[in-house]
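Biologist: I have the sequence and the coordinates open, and I would like to learn how to read the arrangement step by step. Could we go through it together?

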Number of protein chains: 2
Amino acid sequence: MAIKLALELSRFGVRDMNMFFGRWMSDLGSLGEEQVIQRLASFAGAHGNLLTGIGDDCAVCRAAGSTTDQVFTSDATVEGIHFLEDTAPVRIGHKAVGRVLSDVASMGADPEWFLVNVVAPSTLDMQVLEGVYAGMRERLDLLGGVLIGGDLTEGERLSLHLFGTGRVPLDAALLRSGVQEGDLIWSTGALGGSGLGKHLDFMPRVREGKWLRETGWIHAMTDVSDGLFTDLSHLLGEQSLGACLSGEVLGKMSTVEAALFDGEDFELLFTTAEGVGDQLEALYNDVFEEPLWRLGTIRDGSGGIEVEYADETKRMVSRGVRHHF
Amino acid sequence: MAIKLALELSRFGVRDMNMFFGRWMSDLGSLGEEQVIQRLASFAGAHGNLLTGIGDDCAVCRAAGSTTDQVFTSDATVEGIHFLEDTAPVRIGHKAVGRVLSDVASMGADPEWFLVNVVAPSTLDMQVLEGVYAGMRERLDLLGGVLIGGDLTEGERLSLHLFGTGRVPLDAALLRSGVQEGDLIWSTGALGGSGLGKHLDFMPRVREGKWLRETGWIHAMTDVSDGLFTDLSHLLGEQSLGACLSGEVLGKMSTVEAALFDGEDFELLFTTAEGVGDQLEALYNDVFEEPLWRLGTIRDGSGGIEVEYADETKRMVSRGVRHHF
């Protein structure tokens, strides 16, 4: 399947080798994606109007005098990495714009303006490209974004670089930070097995994200692109917290392994206080067709991410990769 | 030189062949870039807050209640098309972000937020990528934009997909439309021969664009990316106007041919009423080191784009390509 995430680079034992070989080992593959992204992030700027920069699903910015905040994100969708040569064009379009819409959704924002840089071989059939655009347009029309520009370049592999913005009320964007010990962990849909088709056909959770923001109950939110384990780690990261997930619930979604590590589910992953859980579930399931999943609980950081079964608790170890910066 | 513009596709005699062969001839190369872009543009959306969409250097958008307008643009800078494998990294960075800054400048806007999607081979040296980012950051620090995000994907050729926004006062963005018969035609620098180095090292005319907007004298503005002939055609296009250019002036810049067709000059190209010409020139040349160039005059459309020499006037024929949509 073409759902493996971008730039899967070897990441083990690399730091030590670099200490021996110095700059000879400094190609991107040897460094590993995480380190590359960290080093590139140091080139990002700061500004009084930039409320949240690199490290969340979107950057959050404020214009002087504005009554709303604006969120910004971009994603690449590339043949051979995110889809195959024979993938139906409309599904390529759904995924290309859907990845960005999912980032916007994870801030609780309304989609706004979209641009697309296309790279395509000159031998590509125009009907393929039009099918891709039809797929993008379909999702935008449904969820509220508008395509306003872009760029076209000739290249070997069909690639779609999508850039999108969204709007939220002032200070209302849902961030990755804000998780608290004792929080309940939720997702808007089943995780795992997206390679069977969902990685192309998912419907970005824009309405759900906005609805959840409006409850005022969400402590932190992200979307599941790199897999539950990795994306939950992003939520835990800054607070040095841990999590205990229900093996029974994950097993109902697909398998525990698949739910934790497959990725490209594009469901919203968020936490709330324990006390609002029942009320949230009842209200949400009244509005939306697919019910919420209650995945587990935030703990102190001593146990990392654990999965609890009827008779044992297992500590899980990372196998995911990060592809954003 | 690697300055030929993206997707240079054969464009002659294609329409007739398509009528014969129907969909068998519908690959991008046979259709030609202009037709591909036209067909893709039909997928762009409309919205009450979208003041200017596809067809200008940037889209112009307004947020409810905002006291400024926001401009949006994107450009791709790709190895083998826009730079060579042995181009110094910092110059690649200058060009990648400079193309977008030049679009922002051509609206008379202040640069604001920037995101970059990078495609890079895993064998690329990290120092090369850091050099590219240092080049981008240098220009942004000087001209006022802030890098706030992006995405990293593995791929064969180093490619930089830049997205940028800018700010202008309400209704103040300088558009391609607005040219009037009798207008003077100006550029902020010499045109032609950019392949010798300027296509990488140019300084985007952000300050000049803003200063020019503030005079209130500019009827229409764009930047010279595809070459004077093509970019001037964009200004003339909607009004069905023509232009008479001075062969003497173009000859002083480089050669008439090079000034008209080389492209990638990234100078601002604009028109004003004839009456303000001397005053504009005096004021501008007082503020900026490089003097303005007065290229010619807008005429009615009957003569197309002509070049006037001491003893003859020649009508010029297109050789450029459009790479934006």
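Predicted model: local features only at pLDDT ≥ 70, side-chain atom pairs only at ≥ 80, totals over all residues.

Biologist: What rotation and what shift along its axis superpose chain A on chain B?

Modeller: In general, two copies of a chain are related by a rotation about an axis and a shift along it. Here the rotation is 180° with 0.0 Å of shift along the axis, and the superposition of chain A on chain B has an RMSD of 0.0 Å. The two copies are thus related as by a two-fold rotation axis. The same surface serves both copies, since 100% of the contact residues of chain A recur in chain B.

Biologist: At what angle do helix α5 of chain A and helix α3 of chain B pack, and how far apart are their axes?

Modeller: Helix α5 (residues 126-143) of chain A packs with helix α3 (residues 33-41) of chain B at an angle of about 25°, and their axes are 10 Å apart. Angles under 35 degrees count as roughly parallel, and α5(A) and α3(B) are therefore roughly parallel to each other. The crossing in which α5(A) passes α3(B) is right-handed. On the side of α5(A) the contact is made by Met126(A), Leu129(A), Glu130(A) and Tyr133(A), and on the side of α3(B) by Val36(B), Arg39(B) and Leu40(B). By class, the residues of this contact of α5(A) with α3(B) are five nonpolar, no polar and two charged.

Biologist: Which residues of α3(A) meet which residues of α5(B)?

Modeller: Val36(A), Arg39(A) and Leu40(A) in α3(A) meet Met126(B), Leu129(B), Glu130(B) and Tyr133(B) in α5(B). The contact of α3(A) with α5(B) has five nonpolar, no polar and two charged residues. The axes of these helices, α3 (residues 33-41) of chain A and α5 (residues 126-143) of chain B, come within 10 Å and cross at roughly 25°, which makes α3(A) roughly parallel to α5(B).

Biologist: Turning to the sheets, in what order do the six strands of the open sheet in chain B stand?

Modeller: The order is β1-β2-β3-β6-β4-β5 (chain B), and the pairing is mixed. In chain B, β1 (50-52) and β5 (146-154) stand at the edges with a single partner strand each, so one side of each is left without a neighbour in the sheet. Neighbouring strands of this sheet are turned by 20° against each other on average, with direction ignored. Strand β4 (residues 110-120) of chain B pairs with β5(B) in the parallel sense over eight bridges, and within this pairing the bridge partner of Val116(B) in β5(B) is Gly150(B). Helix α4 (residues 89-105) of chain B packs on the sheet, where α4 touches β3 (68-78), β4 and β6 (159-169) of chain B, and its direction makes about 145° with that of β3(B).

Biologist: What is the strand order in the open sheet of seven strands?

Modeller: That sheet has the order β8-β10-β7-β11-β9-β12-β13 (chain B), with mixed pairing. Its edges are β8 (218-223) and β13 (313-315) of chain B, each with a single partner strand, so one side of each is left without a neighbour in the sheet. Strand β7 (residues 184-187) of chain B and strand β11 (residues 293-300) of chain B pair in the antiparallel sense over four bridges, and Ser187(B) has Trp293(B) as its bridge partner in β11(B). Helix α11 (residues 277-287) of chain B lies across β7, β10 and β11 of chain B and runs at about 15° to β7(B).

Technical notes:
Residues numbered from 1 in each chain as written. Chains lettered and ligands numbered in written order. Heavy atoms only, no water. Pairing = 2+ DSSP bridges. Helix = DSSP H or I, 4+ residues; strand = E, 2+ residues; numbered from the N terminus. Axes fitted to C-alpha atoms, helices over the stretch in contact; angles between N-to-C directions. Contact = heavy atoms within 4.5 Å. Parallel < 35°, antiparallel > 145°, perpendicular 65-115°, else oblique. Left-handed = near helix turned anticlockwise from the far one by under 90°. Nonpolar A, V, L, I, M, F, W, Y, C, P; charged D, E, K, R; others polar. Least-squares fit on C-alpha atoms with pLDDT ≥ 70 in both.
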